Each structure stands twice: as C-alpha cells, then as structure tokens.
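Me: I would like to learn how to read a model like this one, feature by feature. Could we go through it together?

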Amino acid sequence: MGAFHEFTESELREAKRQIDSTLHKLRETVKTFEAKENVQRYKSQITLANRRMEAFEIANALIEAELKK
C-alpha cells in the first residue's frame with residue numbers, strides 16, 4: 001500500500017460527523033431490536049450492530065487523537 005494519506009482537519013471533522021451520525025442510527029436500531037417481542041430472533045442483528053458501533057467508536061477515537069496533534 002502507498003504512503004499514508006494526510007487528511008485535512010476539515011476532512012477529519014466531516015468523517016467524525018458522519019461516524020457520529022451512523023453511531024446514533026445504530027444505537028437506535030439496537031434499541032428497536034431490543035424492544036421487539038421476540039428479541040432472540042434479532043440476536044444476530046444486535047450483535048452485528050454492536051460490533052459496528054465498536055468499530056466506529058475506535059475510528060472516532062483515532063480521528064480525535066489525530067485532531068489533537
């Protein structure tokens with residue numbers, strides 16, 4: 001893979017904004033699934049959403065660290 005791309009502060013802030021929006025939607029999705037009558041039926045979707053949230057939270061932390069440099 002080539003050299004690491006240097007992102008502008010604006011690009012990082014926009015990426016973080018998009019990630020925050022996606023995290024909000026994922027959290028709402030999990031709440032919806034957990035409120036369903038037969039929650040076990042949605043266990044795999046809940047697990048997938050939780051894994052995605054964790055990945056986005058890691059990305060957000062890395063973006064925040066980069067912005068502090």
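Me: Which residues is Lys16 in contact with, leaving aside its neighbours within four places in sequence?

Reply: Contact means heavy atoms within 4.5 Å. By that rule, and leaving aside neighbours within four places in sequence, Lys16 is in contact with Asn60, Ile63 and Glu64. Before we go on, two notes on the source: this is a predicted model, in which local features need pLDDT of at least 70, side-chain atom pairs count only at pLDDT 80 or more, and totals for chains, interfaces and linings use all residues. Residues are numbered from 1 along each chain as its sequence is written, and side-chain values use heavy atoms, with hydrogens and water left out.

Me: How many helices and strands does the protein have?

Reply: Helices (H or I, at least four residues) and strands (E, at least two) are DSSP runs, numbered from the N terminus. Here there are two helices and zero strands. The radius of gyration is taken over C-alpha atoms, and the globule rule is 2.2 Å times the number of residues to the power 0.38. For this protein the radius is 16 Å, well over the 11 Å that the rule gives for 69 residues, so the protein is more spread out than a compact globule. Along the principal axes, its C-alpha atoms fill a box of roughly 50 × 25 × 15 Å.

Me: How do I check the length of a helix, and what span should helix 1 have?

Reply: The expected span is 1.5 Å times one less than the number of residues. The 27 residues of helix 1 should span 39 Å, and its end C-alpha atoms are 39 Å apart, which agrees. Helix 2 (residues 43-68) has 26 residues and should span 38 Å; its end C-alpha atoms are 38 Å apart, so that agrees too.

Me: Which residues of each helix are buried?

Reply: An α-helix has 3.6 residues a turn, so residues three or four places apart point the same way. In helix 1, the buried residues are Leu12, Lys16, Ile19, Leu23, Leu26, Val30 and Phe33, and they pack against helix 2. In helix 2, Ile46, Ala49, Met53, Asn60 and Ile63 are buried, and the buried residues there pack against helix 1 (9-35).

Me: Which residues make up the largest nonpolar core?

Reply: Nonpolar side chains tend to be buried together in soluble globular proteins. A nonpolar core is a set of buried Ala, Val, Leu, Ile, Met, Phe, Trp, Tyr and Cys residues joined through side-chain atoms within 4.5 Å. The largest one here has 11 residues: Leu12, Ile19, Leu23, Leu26, Val30, Phe33, Tyr42, Ile46, Ala49, Met53 and Ile63. Helix 1 and helix 2 are the elements that give two or more residues to this core, and helix 1 supplies the largest share, six residues.

Me: How exposed is Phe56, and what is it in contact with?

Reply: Phe56 lies in helix 2 and is partly exposed, with a relative accessible area of 29%. Beyond neighbours within four places in sequence, Phe56 is in contact with Ile19, Thr22, Leu23 and Leu26. Phe56 and Leu23 are 33 residues apart along the chain, yet their C-alpha atoms are separated by 7.0 Å.

Me: How many aromatic pairs does the structure hold?

Reply: Rings of Phe, Tyr and Trp (its six-membered ring) pair if their centres lie within 6.5 Å; planes under 30 degrees apart count as stacked, over 60 as edge-to-face and the rest as tilted. The structure holds one aromatic pair. Phe33 and Tyr42 form it, stacked at 5.2 Å centre to centre with 20° between the planes. Phe33 and Tyr42 are both buried.

Definitions and conventions
Buried means under 20% relative accessible area, exposed over 50%, partly exposed in between (1.4 Å probe, protein chains only).
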